[in-house]
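Open the model in your viewer and keep the selection tool at hand. The stops below go from sheet to helices to core.

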Amino acid sequence: MEWSAEGYTALSALNVKDGYIDFTADVHYANQDLYDKWMVGNDLYKGQVLFTTEAPMGNVAQVPDNRKYVLSQRTIAFNVDKTKVTNDFLAVLLRSQNVQHTLKSLASGGTAQGVSQKSLSQLKVIVPINPKEQQKIGDFFKQLDSLIALHQRKPK
């Protein structure tokens, strides 16, 4: 199947950046048939965590809204058990220096380092048991990221 001139935006490792989605980088669109074939009833939802598995490996962003998107090359979405972890906390956790370092040690490949889903399953992390505590941590870092972005846009 081919890309379309319009339709559902495809999210790939080229436009899933660290902390945001760049809708100007390498944008492709899928028609309804392609969407149905690739997404098979697994609609993405606002806040869901996206992760790039290769080239570049380890970028983490969250789905910005409830529009339908197609997961494309080298990008996965996490389906969390909301009784155990929140999406906002998972996003912060995956972007943390410790986890990124561990992911690099799990990666394989020469020029384009990548991590497989099997390797990802080897990732061990410690998380607060209480989802409310996780949400507070996730909210804090989201606010901090927004504040940093705001200051970076200020004229110097």
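The tour starts with notes on the model and then moves through the selections.

This is a predicted model, in which local features need pLDDT of at least 70, side-chain atom pairs count only at pLDDT 80 or more, and totals for chains, interfaces and linings use all residues. Residues are numbered from 1 along each chain as its sequence is written, and side-chain values use heavy atoms, with hydrogens and water left out.

Select β3 (49–53), β4 (57–62) and β6 (75–77). Strands here are DSSP runs (E, at least two residues) and helices likewise (H or I, at least four), numbered from the N terminus. The three strands form an open sheet in the order β4-β3-β6, with antiparallel pairing; strands pair if DSSP finds at least two bridges between them. β4 and β6 are the edges, each with a single partner strand, so one side of each has no neighbour in the sheet. Three bridges join β3 and β6. Thr 52 stands opposite Thr 75 in β6.

Leu 93, Leu 94 and Arg 95 in α2 meet Gln 97, Val 99 and Gln 100 in α3.

Finally, show the largest nonpolar core, of 18 residues. Such a core is a set of buried (under 20% relative accessible area, 1.4 Å probe, protein chains only) Ala, Val, Leu, Ile, Met, Phe, Trp, Tyr and Cys residues joined through side-chain atoms within 4.5 Å. Phe 51, Leu 94 and Leu 103 have the most contacts inside the core. α2 gives the largest share, five residues.

Methods:
Buried means under 20% relative accessible area, exposed over 50%, partly exposed in between (1.4 Å probe, protein chains only). Contact means heavy atoms within 4.5 Å.
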